[in-house]
Amino acid sequence: MDPRLIEAINKIRDESLKEAVLDLVKEPSLNLSGALYEGLRVEDSPASLSRHHSYPGGLLEHILSTLRIALTLCDCVEEIYHGKVNRDLVIAGVILHDILKPLMYVARDDGGYKSSPLSERVDHLTLITSELVRRGLPLEIVHVVCAHHGDAGPISPKTLEALICHVADVADSTLNGKVLRAAKYLIKEVTGQPVEVIDSKTAFELVHLKAKEGWEGVREALTGSNLMEE
Ligand SMILES: [Fe+2]
Ligand SMILES: [Fe+2]
């Protein structure tokens with residue numbers, strides 16, 4: 001398992017919650033009527049097909065970045081608003097909220113992804129919520145995960161921990177998604193070719209270069225890269 005993910009899990013103080021999270025992250029698979037559904041490795045999976053983190057390793061980056069944002073929100077609650085928040089619930093909720101997404105995708109030959117047959121029948125939020133219930137996890141953590149889509153999900157956040165997880169999730173997916181979209185636009189304008197998969201490092205770099213050096217900077221960065229050759 002990626003050491004950054006282990007480090008994140010180790011931030012959970014409650015031993016039984018930590019164990020439960022570790023179990024799920026180690027093996028995000030499902031058994032339905034004797035049929036075993038295994039997906040991509042957590043470390044290899046994207047977090048969406050096209051909206052945000054839609055590249056190999058995107059899910060891991062999404063979890064780590066969302067966790068950083070969520071813990072900063074916990075600091076705000078405690079240090080600025082003088083409120084109380086259960087960090088264990090926030091950390092576990094962020095790590096688990098999209099952890100069955102690897103079951104939603106199948107890798108394509110061209111480096112992109114398509115929907116898995118399982119994802120044509122059930123979504124990642126329903127799956128992880130039901131799996132947490134099946135494993136007997138505490139209701140408070142079930143709620144954080146179940147409410148992570150906010151008003152667009154089956155239930156809106158009713159606790160501070162659930163709200164923090166939702167807000168951090170939206171912030172990170174919006175940040176990443178908008179930068180990916182901008183970088184894809186830059187590439188298409190310069191190369192004349194649409195690009196389907198682009199990693200976050202390239203995307204953030206291109207957006208930075210465009211602001212700093214204009215189109216010339218983008219063109220120079222793309223010259224000789226495999227994005228230009230395509
Ligand atoms: Fe989600
Ligand atoms: Fe998410």
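Guide: A residue is called buried here if 20 or more other C-beta atoms lie within 10 Å of its own, and exposed if 12 or fewer do. One more thing before you ask away: this is a predicted model.

Visitor: How do α2 and α4 run: roughly parallel or roughly antiparallel to each other?

Guide: Their axes come within 10 Å and cross at roughly 5°. Angles under 35 degrees count as roughly parallel. The α2 and α4 pair is therefore roughly parallel.

Visitor: By class, how many nonpolar residues are in the contact of α2 with α4?

Guide: On the α2 side you have Leu17, Val21, Leu24 and Val25, and they meet Asp88, Ala92, Ile95 and Leu96 of α4. An α-helix has 3.6 residues a turn, so residues three or four places apart point the same way. Sorted by class, the contact of α2 with α4 has no polar residues and 1 charged residue, while the nonpolar count is 7.

Visitor: Let's go to the strands. In which sense do β1 and β2 pair?

Guide: β1 covers residues 29-32 and β2 covers residues 35-38. They make a hairpin with 2 residues between them. Across 4 bridges, the sense of their pairing is antiparallel.

Visitor: Is Leu36 buried or exposed?

Guide: Leu36 sits in strand β2, and it touches Ser29 and Asn31 if you leave out residues up to four places away in sequence. Its C-beta has 8 neighbours inside 10 Å, and the limit for this class is 12 or fewer. Leu36 therefore counts as exposed.

Visitor: What is the phi of Ser33, roughly?

Guide: Ser33 lies in the loop between β1 and β2, and it is exposed, with 4 other C-beta atoms within 10 Å. Most residues other than glycine have a negative phi. Ser33 isn't a glycine, yet its phi is positive, at about 50°.

Visitor: Where does His82 lie?

Guide: His82 is another non-glycine with a positive phi, this time about 55°. It has 7 other C-beta atoms within 10 Å, which means it is exposed. As for its place, His82 lies in the loop between α3 and α4.

Visitor: Now Tyr113: is it buried or exposed?

Guide: Tyr113 lies in strand β4, residues 113-115. Leaving out residues up to four places away in sequence, it touches Pro46, Leu49, Tyr105, Val106, Ala107 and Arg108. With 23 C-beta neighbours inside 10 Å, against a threshold of 20 or more, Tyr113 counts as buried.

Visitor: How many Å apart are Tyr113 and Leu71, C-alpha to C-alpha?

Guide: Along the sequence, Tyr113 and Leu71 are 42 residues apart. In space, their C-alpha separation is 31 Å.

Visitor: Last one, on the domains: what distance separates the centres of domain 1 and domain 2?

Guide: The protein chain is divided into domain 1 (3-162) and domain 2 (177-229). The contact takes 7 residues from domain 1 and 7 residues from domain 2. On the domain 1 side, those are 1 nonpolar, 4 polar and 2 charged residues. Taken over C-alpha atoms, the distance between the two centres is 30 Å.

Note on methods:
Residues are numbered from 1 along each chain as its sequence is written. Chains are lettered from A and ligands numbered from 1 in the order in which they are written. This is a predicted model: local features need pLDDT of at least 70, side-chain atom pairs count only at pLDDT 80 or more; totals for chains, interfaces and linings use all residues. Two strands pair if DSSP finds at least two bridges between them. Domain bounds come from an automatic or database domain assignment. Two residues are in contact if their C-beta atoms, placed from the backbone, lie within 7 Å. Ala, Val, Leu, Ile, Met, Phe, Trp, Tyr, Cys and Pro count as nonpolar, Asp, Glu, Lys and Arg as charged, and the others, Gly among them, as polar. Axes are lines fitted to C-alpha atoms, for helices over the stretch in contact, and angles run from 0 to 180 degrees between N-to-C directions. Angles under 35 degrees count as roughly parallel, over 145 as roughly antiparallel, 65 to 115 as roughly perpendicular and the rest as oblique.
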